[in-house]
Amino acid sequence: MSETCPPSAAPTTVHDWPTELYDAYVFDMDGTIYLGDHLLPGAKRLIAELRRRAIPVRFLSNNPTKDPGQYAEKLARLGLPTPAGEIANTVVTTVRWLTAHHPGATVFAIAEDPLKRALARAGIAQSENPEEIDIVVASYDRTFEYRKLQIAFDAIWYHKRAFLIATNPDRFCPFPHGRGEPDCAAVIAAIEACTGTTCRTVIGKPNVSMLQAAIGDLDVSPERCMMVGDRLGTDIQMAVRTGMRSAMPLTGESTLAEALALDGADRPTYVLDRIDRLIPAAGWEELGWSEGPDAIP
């Protein structure tokens with residue numbers, strides 16, 4: 001194997017390999033644990049081994065098209081049973097942000113049903129009447145249409161009473177075979193373009209509020225927690241902002257070349273060709289793991 005990379009160093013090769021285990025791990029899901037309806041190589045045995053060692057594992061996603069319960073169902077189908085309480089996403093953090101900062105606001109959520117249901121459960125008023133809307137929430141919405149854009153335009157530009165926030169900054173959601181579909185950034189851009197406004201806040205990663213959502217129930221410092229995700233601009237940037245160590249598997253959006261092009265302080269601590277390299281090499285030897293065609297997924 002190539003040389004190891006200590007936690008404070010910047011990655012230089014594909015096979016940067018941690019030499020120690022951390023006190024907790026936070027995993028992105030899309031492009032990190034699975035892609036589409038398939039677990040990525042090494043994900044199942046990695047999570048099982050961390051749990052066997054009683055190391056807390058949490059899952060975190062910028063995707064608001066499912067709530068934690070739906071993510072729990074998906075992980076269970078893929079062979080990773082996980083309580084919904086160990087999963088956080090922008091459905092959770094958007095509701096928390098609105099409740100904490102604008103508890104009496106009426107919102108128009110350009111969003112799919114999971115976020116709308118969560119807003120309703122939290123008692124947050126929702127309206128499609130531009131004269132009543134205080135906050136427009138842009139989200140990853142596969143039902144986005146001109147009608148919704150018009151409502152946002154009227155509330156922000158014509159009535160001049162609403163401002164814009166967003167659930168997440170992602171440009172696209174990754175799909176298998178290198179495909180994807182437009183994500184929240186496309187909705188933000190449409191609203192900003194026609195209204196001339198600027199999105200006031202984006203709640204998802206790399207916003208540090210996402211870290212609290214992920215590990216707020218754990219007695220662990222960020223410095224002893226590892227963030228694992230495939231996107232430099234969200235997963236890795238959140239780790240940089242919060243003092244976490246980070247690992248980027250090359251199974252999703254960002255590439256090794258993109259990581260190396262960044263200043264050292266902004267790079268992931270580790271770049272991995274497969275996610276189960278989070279277990280140190282000595283652990284692989286102890287467990288008898290291999291990476292060949294007969295390896296356990």
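Me: Is K160 buried or exposed?
Reply: This is a predicted model, where local features need pLDDT of at least 70, side-chain atom pairs count only at pLDDT 80 or more, and totals for chains, interfaces and linings use all residues. Residues are numbered from 1 along each chain as its sequence is written, and side-chain values use heavy atoms, with hydrogens and water left out. Buried means under 20% relative accessible area, exposed over 50%, and partly exposed in between, using a 1.4 Å probe and protein chains only. K160 has 64% relative accessibility, so it counts as exposed.

Me: Where is K160 found?
Reply: Helices (H or I, at least four residues) and strands (E, at least two) are DSSP runs, numbered from the N terminus. K160 is not a glycine, yet its phi is positive, near 55°. Its place is the loop between α5 (146-158) and β9 (163-166).

Me: A54 also has a positive phi. What is its relative accessible area?
Reply: A54 is not a glycine either, and its phi is about 60°. This residue is found in the loop between α1 (43-52) and β4 (57-61). A54 is exposed, with a relative accessible area of 66%.

Me: Which residue's side chain makes a polar contact with the side chain of D170?
Reply: D170 lies in the loop between β9 and β10 (172-174) and, at 7% relative accessibility, counts as buried. Beyond its neighbours within four places in sequence, D170 is in contact (heavy atoms within 4.5 Å) with N62, D183, C184, A185, R231 and T234. A polar contact is a pair of N or O atoms within 3.5 Å; within protein, one must be able to donate a hydrogen and the other to accept it, and residues adjacent in sequence count only if both atoms are side-chain atoms. At 2.9 Å, the partner of the D170 side chain is N62.

Me: How far is the backbone nitrogen of R142 from a polar atom of the side chain of E112?
Reply: E112 sits in the loop between β6 (106-110) and α4 (113-121), and it is buried at a relative accessible area of 12%. Not counting residues up to four places away in sequence, E112 touches T65, Y140, D141, R142 and T143. From the side chain of E112 to the backbone nitrogen of R142, the distance is 2.7 Å.

Me: Which residues in α4 meet V91, T94, V95 and L98 in α3?
Reply: Helix α3 covers residues 90-101, and its crossing with α4 is right-handed. In α4, the residues that meet those four are P114, L115, A118 and L119.

Me: Why is the pair of W284 and W289 called edge-to-face?
Reply: Rings of Phe, Tyr and Trp (its six-membered ring) pair if their centres lie within 6.5 Å; planes under 30 degrees apart count as stacked, over 60 as edge-to-face and the rest as tilted. A search of the whole structure finds six aromatic pairs. The rings of W284 and W289 have their centres 5.7 Å apart, and the pair is edge-to-face because their planes are at 70°.

Methods:
Axes fitted to C-alpha atoms, helices over the stretch in contact; angles between N-to-C directions. Left-handed = near helix turned anticlockwise from the far one by under 90°.
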